[in-house]
Amino acid sequence: MKKILVVLVAAALSWASVAIAQDQPVRSIVNVTGDLYRFQENNHYGVFLVTDEGIILADPISHDNAQWLKGQLAEQFGVPVKYVIYSHDHADHTSGGEVFADTATFVAHENAAPKIAASGHTPVPDETDFKNIKPFGIKKIVSLGGKRVELYFFGSSHSDNLISIYFPKERALFQVDSVAVDRLPYRDLPDYYLSAPNVLRLIYNFIDFKILIPGHGPIGTKKHFISHQKYLENLQMKVANALIKGLTVEEAKKKINLKKYKKWGQYENWRDLNIEGMYRVFLEEEEYLPFHKVAGSYPLSAARNGQCGWVIVQYDVDEEGRTKNIRVFDSEPKKIFDKAGINAAKKYRYIPNNPTKNVKTRTTYELAGICEVPPPRDINNE
Ligand SMILES: [Zn+2]
């Protein structure tokens, strides 16, 4: 009898604590620098920039959070929210926009609009018209009260519409879900794209930020951003090698060495999930099999000049599945992507024990929305 009573008390206590946690989410507003602030609802973070003419806000997070925030902003700053920017279409970051619909214009990448329209969790963006504005890479500028925010899209990393939200005066970058500070990527990499390492490299090469503000976890620096990019590149390469060797996902989890990152947050919990997720992404992208193909890094001068193109490299494949005797067969425009093509081909891996001569592979280099990839030549050269 006594035993049952104890159990009941414990159960009642745990219910009580859950109820409190649900009723009172952790919310805060913290100044990042200058007029830039970060706000929090539990594990999610958004940002806003205050100007004399109103507020530019990114990611309202939830309906309840947006209502709380609207009250706080009116009280502390006395200006309305004029722009709501969505980092990407995922509802856990962008719900609650309707709270600001009386005063705000909504901005997102064009790929986010149909997804938001279909789910109906927040108002559909009014502005999705990212343009090529010189210097390269500034895809959309939102300005208000003499201040500005720059929105960039270099390709798919996490979702096909996640943008980089940059505050140039503050040299701060709000980058949601595709990076974290000294923490592994989330669980099994939901909505991950294999282009992520290349996209992240373009971001840190082109955007002159010092402060990194992720959508989850603590604020960091450009150094943290680069470390995260390296982790993804590493994980991707190791999983590709495991696939080529024909390892099952369980064997790969035992073989792959990521110990360098064991001090990072969630290493114990998410390491195996990261490997499982990368397996899933590779197997969904058929063009990466049976061999591992990487695009290689985008030549910076070509990216600055807004140049797209392609290169066909030719090579032999040895017994171990490695590429040998690599040379350029054709390219357009001439020379621009040759070195990148050769460097990438050095990393290609084929299934072993099937040596082949004179293999040709065409790789395209494309900057979404900036330039068109020139068509292949008419002659049958592929
Ligand atoms: Zn997301």
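A residue is counted as buried if 20 or more other C-beta atoms lie within 10 Å of its own, and by this criterion buried residues make up 39% of the 382 residues in the chain. The model is a predicted one, and its chain has 10 helices and 15 strands. Of the contacts between residues at least 6 apart in sequence, 65% join residues at least 24 apart.

Helix α2 comprises the 14 residues 63-76, which at 1.5 Å a residue should span 20 Å, and the distance of 20 Å between its end C-alpha atoms therefore agrees with expectation. Within this helix Asn-65, Ala-66, Leu-69 and Leu-73 are buried; viewed down the axis of α2, its buried residues fall within an arc of 95°, so that they line one face of the helix. An α-helix has 3.6 residues a turn, so residues three or four places apart point the same way. The buried residues of α2 pack against β1 (27-33), β2 (36-41), β4 (54-58) and β5 (81-85), whereas the face turned away from the buried side carries the exposed residues Gly-71, Ala-74 and Glu-75. Just after α2, Gly-78 adopts a positive phi of about 65°.

Strand β13 (residues 309-317) pairs with β15 over 8 bridges, and Gly-309 has Tyr-365 as its bridge partner in β15.

Methods
Residues numbered from 1 in each chain as written. Predicted model: local features only at pLDDT ≥ 70, side-chain atom pairs only at ≥ 80, totals over all residues. Pairing = 2+ DSSP bridges. Helix = DSSP H or I, 4+ residues; strand = E, 2+ residues; numbered from the N terminus. Buried ≥ 20, exposed ≤ 12 C-beta atoms within 10 Å, placed from the backbone. Contact = placed C-beta atoms within 7 Å. Expected span 1.5 Å × (residues − 1). Arc of directions from axis to C-beta.
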